[in-house]
Amino acid sequence: DTQGDFTPKEAFKTGTFWMIFFAQMFWTFGLFIPMIHVVAYATDLGISPMAAAAIISIIGASSLIGKIVSGGISDKIGQKNTLLVSLAIQAFTMFWLMGSRNLYMFYPFAFLFGFSYGGVVPQFPVMTGKFFGLKYLGVIFGLINSGALLGNATGPAIAGYIFDVSQSYKTAFLLAGISVIISI
């Protein structure tokens, strides 16, 4: 818990700032690989474009559920534990995705992936506020969130390159799962 309100400059100099920064970076690096590539992966396996698009809809709907439910869970077990469990579930879903070949395998992936994504999202700003106080939370979290933007930008691009070279998503999804594990 915070010892008072940190200024952005003071927060920037702490190990905690950088741990949250890199945790978000590795998480979003892995998160956005399937977010961007799952529809193409599913259609490559012969799943109709409409059914493949439904995967994204399930992810979105279950992420809303995850955001709501994770608040109550974090009140009981704490933000850090909720974050760790959500990230662990998300890493598991990446490995599940690697073996998905039929639509019935994509739907549980989509629900668990979205639910865990929703579970992660609210935990980072809450933890940031607990560590650094609330006075400069917007600026400090904005700086930390630039790590997430770096992950967002690089993960899908690298996954696309991997697919272009190998004509397979397996290595990209493996990299996504490993990246989320590193975030943990």
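Predicted model: local features only at pLDDT ≥ 70, side-chain atom pairs only at ≥ 80, totals over all residues.
Local features were taken at pLDDT of at least 70 and side-chain atom pairs only at pLDDT 80 or more, while totals for chains, interfaces and linings use all residues. Residues are numbered from 1 along each chain as its sequence is written, and side-chain values rest on heavy atoms, with hydrogens and water left out.

Aromatic rings come first. The structure holds 19 aromatic pairs, a pair being two rings of Phe, Tyr or Trp (its six-membered ring) with centres within 6.5 Å; planes under 30 degrees apart count as stacked, over 60 as edge-to-face and the rest as tilted. One of these pairs is F17 with W18, edge-to-face at 5.0 Å centre to centre and 75° between the planes. F17 is buried at 1% relative accessibility, whereas W18 is partly exposed at 29% (buried is under 20% relative accessible area, exposed over 50%, partly exposed in between, with a 1.4 Å probe and protein chains only). F17 and W18 also belong to a cluster, linked by ring pairs, that takes in F12, F21 and F22. Elsewhere, K67 sits over the face of Y117, 5.5 Å from the ring centre; the cut-offs here are NZ of Lys or CZ of Arg within 6 Å of the ring centre and within 35 degrees of the ring normal.

Now for helix α6, residues 123-132. Helices here are DSSP runs (H or I, at least four residues), numbered from the N terminus, and strands are runs of E of at least two. The buried residues of α6 are Q123, F124, M127, T128, G129 and F132. Their cover includes α1 (8-12), α2, α3, α4 (79-99), α5 (103-120) and α7.

I47 lies in the one between α2 (15-44) and α3 (49-77), and is buried, with a relative accessible area of 10%. Leaving aside neighbours within four places in sequence, I47 is in contact (heavy atoms within 4.5 Å) with A42, A52, N102, L103 and F106. I47 and L103 are 56 residues apart in sequence, yet their C-alpha atoms are 6.8 Å apart in space.

The other loop, between α7 (137-166) and α8 (170-183), holds Q167. Q167 is not a glycine, but has a positive phi of about 60°. Most residues other than glycine have a negative phi. In contrast to buried I47, Q167 is exposed, at 54% relative accessibility.
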